[in-house]
Amino acid sequence: LYRPPKPEADRISQPFLVPPAQVKLFTFGYHENFADTLWLRLIQDIDHCGMGLSDGLCRDDKGWVFHMLDAITETAPRFRSPYAFGATVLGVVVNDKEGARIIYERAVERFPSDWLILYRAAHHQLNEVGNPERAAELLIQAGKNGAPGWVFALAAKLFTAEGKAFMAKTVLEDMIKQDPGSRYAPRL
């Protein structure tokens with residue numbers, strides 16, 4: 001029986017298989033090693049876009065990159081790189097805003113004192129999701145965990161823009177109380 005060869009598009013898409021949801025059950029205790037393997041596979045094609053728009057931009061809602069990041073972060077929850085770098089690529093390059101939001105929220109939950117992750121999550125909430133209130137909360141959390149002092153002023157500005165001037169005033173007063181000798185104190 002003759003079977004015609006598969007079209008080129010089918011052959012190209014085959015390497016982009018997603019691990020099953022229960023993959024952690026089959027790692028036999030080698031969760032981190034398996035997550036490393038998945039991470040190495042992902043970074044080879046981290047800009048993979050399953051669906052392009054007519055203007056040439058990528059639009060891949062919860063596509064292959066998201067599912068790989070999801071499997072990696074569920075298999076090895078303390079593996080920082082997929083959260084810090086993968087979520088940024090997911091939101092910016094692959095244009096999967098919802099997938100990036102999910103990965104960032106997971107990152108904030110698992111790394112609550114990593115100010116760089118908090119700051120990136122705040123940026124995503126503000127510029128991609130359009131949620132300035134959540135962005136302000138993340139900026140405050142980042143500031144309390146070592147981010148530059150100006151993040152408090154940015155959070156206050158976001159609260160003010162949202163009509164929450166009292167909250168903005170509270171943030172600025174707390175900043176001044178924490179470091180009254182700061183070079184930012186007079187301006188705050």
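Guide: Happy to! A nonpolar core is a set of buried Ala, Val, Leu, Ile, Met, Phe, Trp, Tyr and Cys residues joined through side-chain atoms within 4.5 Å. Buried means under 20% relative accessible area, exposed means over 50%, and partly exposed is in between, using a 1.4 Å probe and protein chains only. This is a predicted model, where local features need pLDDT of at least 70, side-chain atom pairs count only at pLDDT 80 or more, and totals for chains, interfaces and linings use all residues. Residues are numbered from 1 along each chain as its sequence is written, and side-chain values use heavy atoms, with hydrogens and water left out.

Visitor: Okay, which residues touch the most other members of the largest nonpolar core?

Guide: Those are L42, V65, L69, I72, L90 and I103, out of 48 residues in that core.

Visitor: And which helices supply at least two residues each?

Guide: They are α2 (31–44), α3 (64–75), α4 (80–92), α5 (97–110), α6 (115–129), α7, α8 and α9 (165–178). The largest share, seven residues, comes from α3. The helix names follow DSSP runs numbered from the N terminus: helices are H or I runs of at least four residues, and strands are E runs of at least two.

Visitor: Tell me about L90. Where is it found?

Guide: L90 is found in helix α4. It is buried, with a relative accessible area of 0%.

Visitor: What does L90 touch?

Guide: Not counting residues up to four places away in sequence, L90 touches V65, F66, L69, N95, D96, G99, A100 and I103. Contact here means heavy atoms within 4.5 Å. The C-alpha atoms of L90 and F66 are separated by 6.9 Å, and these two residues are 24 residues apart along the chain.

Visitor: V65 was in that list too. What is V65 in contact with?

Guide: Leaving aside its neighbours within four places in sequence, V65 is in contact with L42, D45, I46, H48, L90 and V94.

Visitor: New topic: helix pairs. At what angle do α5 and α6 pack?

Guide: At about 150°, with their axes 10 Å apart. That makes α5 roughly antiparallel to α6. Axes are lines fitted to C-alpha atoms, for helices over the stretch in contact, and angles run from 0 to 180 degrees between N-to-C directions. Angles under 35 degrees count as roughly parallel, over 145 as roughly antiparallel, 65 to 115 as roughly perpendicular, and the rest as oblique.

Visitor: Which residues make the contact?

Guide: From α5 there are K97, A100, R101, Y104, E105, A107 and V108, and from α6 there are I117, L118, R120, A121, H124, Q125, E128 and V129. By class, the contact of α5 with α6 has eight nonpolar, two polar and five charged residues. Ala, Val, Leu, Ile, Met, Phe, Trp, Tyr, Cys and Pro count as nonpolar, Asp, Glu, Lys and Arg as charged, and the others, Gly among them, as polar.

Visitor: Is H124 buried or exposed?

Guide: H124, in helix α6, counts as buried at 4% relative accessibility. Not counting residues up to four places away in sequence, H124 touches G91, K97, A100, R101, Y104 and V129.

Visitor: And how do α4 and α6 pack?

Guide: They pack at an angle of about 20°, with their axes 10 Å apart. That makes α4 roughly parallel to α6. The contact is made by R80, Y83, A84, F85, T88 and G91 of α4 with L116, I117, R120, H124 and E128 of α6.

Visitor: What about α7 and α8?

Guide: The axes of α7 (residues 132–144) and α8 (residues 150–161) come within 8 Å and cross at roughly 160°. That makes α7 roughly antiparallel to α8. The residues of their contact divide into eleven nonpolar, one polar and three charged.

Visitor: Last one: which loop holds F28?

Guide: F28 is in the loop between α1 (8–13) and α2. F28 has a positive phi of about 50° although it is not a glycine, and F28 is exposed, with a relative accessible area of 67%.

Visitor: And N95?

Guide: N95 lies in the loop between α4 and α5, and its phi is near 65°, a positive value in a residue other than glycine. At 18% relative accessibility, N95 counts as buried.
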